[in-house]
Amino acid sequence: MECEKCGTAMIDAQLCTGMHGIPPYLAHKRGKGAFEPEHRCYVDCFVCPACGKIEFYAQDAQKLPFA
C-alpha cells in the first residue's frame with residue numbers, strides 16, 4: 001500500500017488497545033437497548049515510515065449493521 005500523502009510504501013503496524021491480547025475493533029449496536037447484540041469488526045492499521053500518516057481499515061465492515 002502506498003501513502004496517499006507522500007507516496008512511500010506503508011507498513012502494517014499493531015495498534016495497541018492497552019489490554020493485553022485484545023486487538024482493536026469497531027463496535028456498533030443497531031438499537032439502544034441494553035440487550036441489543038454488539039456487532040464487532042476488527043481493524044487493520046498501516047503507518048507510513050516517512051511522514052507518519054496512519055490509516056485504519058475495517059477487516060469485515062459488511063458485518064456491521066449500519067443500515
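Q: Where in the protein is confidence lowest, and where is it highest?
A: Confidence is lowest in strand S2 (residues 25-28), at a mean of 73, and highest in strand S1 (residues 11-13), at 93. These values are pLDDT, the predictor's confidence in each residue, from 0 to 100. Strands are DSSP runs of E, at least two residues, numbered from the N terminus. The mean pLDDT of the protein is 82, and 94% of its residues reach 70 or more. Where pLDDT is low, the predicted coordinates should not be read in detail.

Q: What are the ground rules for this model?
A: This is a predicted model: local features need pLDDT of at least 70, side-chain atom pairs count only at pLDDT 80 or more, and totals for chains, interfaces and linings use all residues. Residues are numbered from 1 along each chain as its sequence is written, and side-chain values use heavy atoms, with hydrogens and water left out.

Q: Why is Cys48 called buried?
A: Buried means under 20% relative accessible area, exposed over 50%, and partly exposed in between (1.4 Å probe, protein chains only). Cys48 has 2% relative accessibility, so Cys48 counts as buried. Cys6 has 39%, so Cys6 counts as partly exposed.

Q: Why does Glu55 have no salt bridge?
A: A salt bridge is a side-chain nitrogen of Lys or Arg within 4 Å of a carboxyl oxygen of Asp or Glu. For Glu55, which is buried, the nearest side chain of opposite charge is Lys53, 4.3 Å away.

Q: What joins the side chains of Glu55 and Tyr57?
A: A polar contact of 2.3 Å. The term covers N or O atoms within 3.5 Å; within protein, one must be able to donate a hydrogen and the other to accept it, and residues adjacent in sequence count only if both atoms are side-chain atoms.

Conventions. Helices (H or I, at least four residues) and strands (E, at least two) are DSSP runs, numbered from the N terminus. Lys and Arg count as positive and Asp and Glu as negative; His and the chain ends are not counted.
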